[in-house]
Amino acid sequence: MRWCLALLICALVAAVNALSSSGSRLLVVLDDTTEKSSYSTLWSDLEGRGYDLSFESPKSDQLSLFAHGERAYDHLLILPPKSKGLGPALTPKHILDFLNKDGNIVLALSGKSSTSSAISSLLLELDVHLSNDRSAVVIDHFNYDTLSAAEKHDVLLLQRPNALRTDVKAFFDGEGVLALPRVAPQTLGSDSQLLAPILKAPTTAYAYNPKEEMPSPDDIESTGSQLNVVSAIQARNSARFTVLGSVEALEDKWFSASVKAPNGKKVPTVNREFAKQLTGWTFKETGVLKVGKIEHHLATDGEVAAEDLNPKIYRIKNETVFNIEVSEYVYDKWVPFEVPGDDKLQLEFTMLSPFHRLALQPTSRTETSAVYSTQFVTPDQHGIFSFRVNYKRPFLTNIEEKHEVTVRHFAHDEYPRSWAISGGWVWIAGLWSVIGGFLAFVVVWLYSAPTADKAKKTQ
Amino acid sequence: MAKSSLDLLLKGSSGQNTRGLLRIVILLTIAAAAVASRLFSVIRFESIIHEFDPWFNFRATKYLVENGFYSFWDWFDDRTWHPLGRVTGGTLYPGLMVTSGVIYHILRFLTIPVDIRNVCVLLAPGFSGLTALAMYLLTCEMSTSPSAGLLAAAFMGITPGYISRSVAGSYDNEAIAIFLLVFTFYLWIKAVKNGSIMWGALAALFYGYMVSAWGGYVFITNLIPLHVFVLLCMGRYSSRTYIAYTTWYALGTLGSMQIPFVGFLPIRNSDHMAALGVFGLLQLVAFAEFVRGFLPGKQFQKLLTSMVLLTFGLGFAGLVLLTVSGVIAPWSGRFYSLWDTGYAKIHIPIIASVSEHQPTAWPAFFFDLNFLIWLFPAGVFLCFQKLKDEHVFVIIYAVLSSYFAGVMVRLMLTLTPVVCVAAALALSAVLDHFLVLSKPSPESQAKANAVDAKSYQGMKSPIVGIYSHFSKAFVSGSMTLYLLIFVAHCTWVTSNAYSSPSVVLASRAPDGSQMIIDDYREAYYWLRQNTPDNAKIMSWWDYGYQIGGMADRPTLVDNNTWNNTHIATVGKAMSSREEVSYPILRQHDVDYVLVVFGGLLGYSGDDLNKFLWMVRIAEGIWPDEVKERDFFTARGEYRVDEEATPTMKNSLMYKMSYYNYQSLFPSGQAVDRVRGVRLPAESPQLNTLEEAFTSENWIIRIFKVKDLDNLGREHSNAVAFDKGLKRKRASKERALAF
Amino acid sequence: MPAKRHAASTASAPAPSTPVTLSSGPATLKSNSSVVDIATHVWQQYISNTPQRTLLLDAFMAFLVLVGGLQFLYCVLAGNYPFNAFLSGFSAAVGQFVLTASLRMQTSESSSAASKPSSKGKNARFADEETEGGISPERAFADYIFGSLILHFFCINFIN
C-alpha cells in the first residue's frame, strides 16, 4: 500500500515536472489584485520552481479550497487581507480542513494593519498566539535598518537562523542579512510538540503598537526571543503551516534592498533566498522524509529467501534483523537521508512498552536512499509486538512506522529433548531399566508358569 | 462396553432373550428421546452455536480441523488478549475439540460431507444419548433390578439439570464431560467390584479423557480417593480396593499429566494431594495386611501402631513444609470459594462476577430436577440399607455433590447424575415391590410383612397391605402420574428456559407473535465487514469469545479470564473519565469499543448492570484510582438518572451507553427501560470516541476510538471547535503566562 | 518406596501401652533392635510360605523399589531439572510396582485361597458376601500386561 502510494507520488511528481514532493497547485489569496505586482519576483521565483499559481481574492465567489470533497490546491499562500476576515470560503474551519487533508499553507501577517479576528482564532487553534493588541509590531533599538527606519526602528535586521538544536537539521541557514519590516509578532504555546520557531526576534526586541503611547514595562507581554518572527507548525500528518510575521519582506522592494544596521556596513538583503527556503520548506521541497521498504527477518548467513522476509510470526529468543530504507527530498530529488550528528534513528520493539530501544545504524545506501538496520534478540515474552520507528523532529516530516508481529512461545517440539539434557539421563536409564525389567520378568514368568502350576497343586 | 454387557443379557433362555431385546429397544428409545429433546433450539432458532464459551470452542475446533493437531497443540493465539496473546494450545482442555475433530474426520472419511459447525452443534445431544447409556450401566451396578437402570437412563436423558448444558449448540466442555464422568464412575465401580487391573486401567483411561475435557475432573480426583478412604475407615480394605485404586491412580495421574494444561499439577497442586495421600495410605495398609498374614495379633498391633504414628507425623510435616515452601501450590481460588461462599466476593471479584459461580437458589433444584429431588433422599436411604462398596460410593457422591451444587450453580451438573441414580433406585424399589411382587403364600406372608414393615417404615401403612390390587394400582398410578408430570415439566423447561442460544433473543410482540432480536449478530457482522482485519475491539470480557468467533477480530479480554490485571485494565478504561481512558485505549491499540446496552429494549443483561463488577475488578488493582463508593449516591443507591454521581456520569461506560440516546425521545422524556428511570435531558458528550455503529434495537453500540488530533489539540477543544465554539480567552492567558 | 510413606490411617490403630521405636517402614524386613524377633519371624514365615512364582514377583518388586529409590535419592541430591523426565522415570517405577503388587495379590490370592481362606480378619464378613475372586491368574496376567503397556506408553510419551 505504502509502496503504491510512493510510486504514485513519484509518478505524479514526474508528470507535472514540479519540484515539490507533494504537488504543484498553489493558490495565492490576495486581497487586491493590484497588490499582485509588488510581489512579482516572488511569483516568478515560484513559477520558476514549477508551481502552478492561481490568484484569488478572498471575496471571490469561485474561491473554494475543495472540489468534490478533495483538495483543489496543494498549497496555499495567504497574504494579509485588508478587510476583516478572509471571507466565507476561508473560515478557520476550512483552513484546518485543508491542513488535515495534507495541504500546506504559508500565512503572512503584516504589522501595518491589525490582524483580523478570524486569523487570530485560527492561529489560536494551532496554539500560536498573537499579541493582545493586534496592531503591535516588533521594535528593536539595536538591530534595525538605519536607512529605512531610522526613526521608528521597526525594520528588523536579522541573521538567517542556524539549526534549532544540534540534533536538528538546519533548513534556513546561510550568510547574509534579512530585513523584516513591521513584524507582527507571534508567541508559541509551550506544550505543543508540533510547533517550531523558524526565526526568533533578537533578545533586545519588544512589541508595541506604534500608534499608541509607549507602554509601561508592565504592559509588555513578552519580549526578546519569546517573540517569533517566523513560526512553523507541522501537523501530525506532516502538513505544514508557516506564519510569516512580515508580509512586506516578500515584496520586490525588500528582495533587492540594501540595508545598514547601526554600526554596520551597507549590505544587500538575502530576503529572496530566505523566501525560497521558507516557501520551499513549507511546500515540501525540503525536509521531506520517505520510508522505502521495511524488511525484517530472522538472522541468517547469506541471502534471505523472499518467502522468509517479513514473517508474521517470530518465536521468543529469535535473532532478528530489521532494515528500514529512508530517503530525503532536497528541492528536486531524493537523496539518502543522513541523521544529523547528535541524533539517532531508533527502533523500538514494543508490547505496551518498549522491550528494546535500539539505535539503527546506516548499513548501505543507494542513489536515493539510505538503509538503516539493526539486529537483536526477541525478548523472552510472547505476545503481539510491533516494530516501531518513530522519528519526529522539527522541520522533518514524521516517520511513524508500526509493524505488528506475533512472538510466540516455544512449540512443544522446540524444547530440548530429555536425552539432550545430561541431567535427564538418569531418569531415562531408570525408565528403561523398569521396562527392561518388566520384559525380563514377563519372559521369566511365562517360563515358570508350569512349575508354578505344580507348586499350586502341591499346596 | 454397552454392547458386551448387553450381550450377557441376551444369553440364556428365550424369555431372557426377549427381555434383553426389549431392554435394548428401550435404551435406544431413551437415547433417541435424549437427543430429540435437545433439538428444540435448532428447531426454534437455527443450527447455531450458543452463548459464550462454545464460541471459543467452536473457533478452536475450526482451527484444529484446518491446521491439524500439532499446530493446534502449539497454537499461539494472537487474536485474543491483545497485546499479550494467549498460549491457547497449552491452556485449554483439548478433549472437546479433538473429539469433534475426530468425528468430523471420520465422517469425511466415510464420505459424508458435513460442516464442522453441525458436528459441533450436534455433539452435545449425541453425547447426552451416550450419557443415558452410561447411566444405565452405572445404575445396573448398583441394583439388581433392571428397571432401576432403565429409569436412571431415562431420567438422565431428560432431566433439565443436564439439558441445561447440553442442548444442541451448547458446544461446551460439559457436553462430553458428563458422559465421561458417569462412564468413569461406572468403570471405577466395576474395578472396585472385580478388583481387576483392566477395569482400573480403563477407568484411568477414561479419567485421562475426562481430564482432557473438563476442569471438573478435580471432582473425580477427590471423590474416588474419598471413596477409598471411607472404605478403609469402615474396615473394608481388600485387595480389590488396592488393585483398583493403585492402578487407577498410577495410570490416571500419568495420563492426566499428558495434557499440557494440567502438566505437573497432579503432584504440585493441593487439590490433587488427597489422591496422592490415599495412594500412600493404601500402600501402608496393604503392607500391613501383608505382614499380618504372618503374625499373631498382638505383635502386629504393636508394629502397626508405631508405623502408623511415624509415617503420619512424617507425612504431615512434609506436606506442611512443601506447602509453605511453595513447592505445592496452595489451593486454587475457585476451590476456596467452594468452602466459603463469601471468599470469592472478597478476594477474587472476577470469579464472583460469573453468574454460574453464584450460590444456587433453592427453587433451582426443583426447577432442574423436579420430583427427582425428593426421590433422591429415598434412594440414598436405600443405599444405606445395602451398603456395599458401590453404595458407599453413591452415598459419598450424593453428599459431596449436594453440598457443591448448593454452593455453585454450575455444579448442579455434577449433582444431576447421582440424583438420577438415587431416584431411579428408589423408584424402581417402589415399583418392583408393588408391581412385581406376587402375593406370597400365606405361611410366608407374616414373615414378608415383617421384613417389609422394617424396611419401609412410614412409607405406607401396614394395615392396607401391599398385595392388594388397590394399593398396587394406587401407588403405581400415582408414580406414573408423577413420571408423566416430570416428562411434561422437562419438556416445558427445555423448550422455554434452556433452548435460547442467547446470541439470538426471542421475545413476544404484544399480539403474541414471536420476534427474533438478532442485534448481536448484526453488530458482529458489521464489525466483520466494515473494520480492518486486525482492528482491536475492546469490550467487557463476556463478549470476547463471541467477537473472536463471529466477528473474527482481535479482542483485549475474553471469557478465558486468565489475566486478572488485563481485565482490570479494561474495567478501568470503562469506569474512568475519558481523559484517563483515552491513554489506556491508545496504549492497547484499541480501535473500537463495544458496549451492550439494553435500555431501549429492556434487556437486563447489559453492561451497565454488570458495570459494578467492572468497577470492583478495576478497584482490586487500582484502589486509588477507581473506587466503587464513588459510583453510589450519598444514600448508597446505584443510579443512572439525573441524580447519578459525577463519577458515574463521567465514566466512559455511562457515556457510551447513553450517547445520543436522548435523541430518540421527545426532549426530557428519555427513559431507560431496564432500570426504569428517566434520564437527564442532555446527552453525554464524547470527545475521544465517535459512534460507529448502533444495532437495530440499540443492544450493541460500537464506538471508534479517535486518533490523536492532527493539530495537537485536546480532543475536547477540537470537538468544541468543530461545533463552532470560540476558544476561551482563558487558555490564551494561560499560554502566555509561560 | 520411602516417598510414598507419608500418610496414615487413623482408623484401626488401637494404641498399645508400650511405645515402640521403629526405625522406618521399609526397614522392617531387616533386623531391628527391639522388634528383631518379630521381624525375623516374619521373614522366616515369608521364606517358608511363599511359592516360587510369588518369590519371583517379589524379586521384581524389590528391583523396582531399588530403581525408584535410587531415582528419588538422585533427585533429592542432584535436583530435578528435567522435571518431566524425573516424573516419568520415577512414576514408571512406582506404577510398575503397584501393578506388580496387584498382580501378586491376584495370583497369590487365588492360588492360596484354599490354604489361607480368611486372611482378611475382620473383613471376612464382607469377603464372604462377595461371590469369589473371579479372576484367574491368566486373566490377571493379561490385565497386568495391558496396564503395564499403557503405563509404559504414557511414560515414554512424557519423557519424550
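Author: The centres of domain 1 of chain A and domain 2 of chain A, taken over C-alpha atoms, are 37 Å apart. This is a predicted model, where local features need pLDDT of at least 70 and side-chain atom pairs count only at pLDDT 80 or more, while totals for chains, interfaces and linings use all residues. Residues are numbered from 1 along each chain as its sequence is written, and chains are lettered from A and ligands numbered from 1 in the order in which they are written.

Reader: Ok, which residues does the domain assignment of chain A put in each domain?

Author: Domain 1 covers 15–282, domain 2 covers 288–408 and domain 3 covers 423–458. Those bounds come from an automatic or database domain assignment.

Reader: And how many residues of domain 1 of chain A are in contact with domain 2 of chain A?

Author: 14 residues of domain 1 of chain A are in contact with 14 residues of domain 2 of chain A. Contact here means that the C-beta atoms, placed from the backbone, lie within 7 Å. On the domain 1 side of chain A that touches domain 2, there are 7 nonpolar, 4 polar and 3 charged residues. For the classes, Ala, Val, Leu, Ile, Met, Phe, Trp, Tyr, Cys and Pro count as nonpolar, Asp, Glu, Lys and Arg as charged, and the others, Gly among them, as polar.

Reader: Switching to the chain as a whole: how many helices and strands does chain A have?

Author: Chain A has 7 helices and 27 strands. Helices (H or I, at least four residues) and strands (E, at least two) are DSSP runs, numbered from the N terminus.

Reader: Why is chain A said to be more spread out than a compact globule?

Author: Because its radius of gyration is 34 Å, well over the 23 Å that the globule rule gives for 459 residues. That radius is taken over C-alpha atoms, and the rule is 2.2 Å times the number of residues to the power 0.38. Along its principal axes, the C-alpha trace of chain A spans about 140 × 50 × 40 Å.

Reader: What share of chain A counts as buried?

Author: 40% of the 459 residues of chain A. A residue is buried if 20 or more other C-beta atoms lie within 10 Å of its own, exposed if 12 or fewer, and partly exposed in between, with C-beta atoms placed from the backbone.

Reader: Which way does β18 of chain A run against β20(A), and how many bridges join them?

Author: Strand β18 (residues 288–298) of chain A runs antiparallel to β20(A), and 9 bridges join them. Strands pair if DSSP finds at least two bridges between them. A:His297 stands opposite A:Val321 in β20(A).
Another antiparallel pairing, with 8 bridges, links β20(A) to strand β25 (residues 370–377) of chain A. There, A:Thr320 stands opposite A:Phe376 in β25(A).

Reader: What about β21 of chain A?

Author: β21 (residues 333–336) of chain A is antiparallel to β20(A) too, through 4 bridges. A:Val330 has A:Lys333 in β21(A) as its bridge partner. The hairpin of these two strands has 2 residues between them, and A:Tyr331 takes a positive phi near 60 degrees there.

Technical notes: Two residues are in contact if their C-beta atoms, placed from the backbone, lie within 7 Å.
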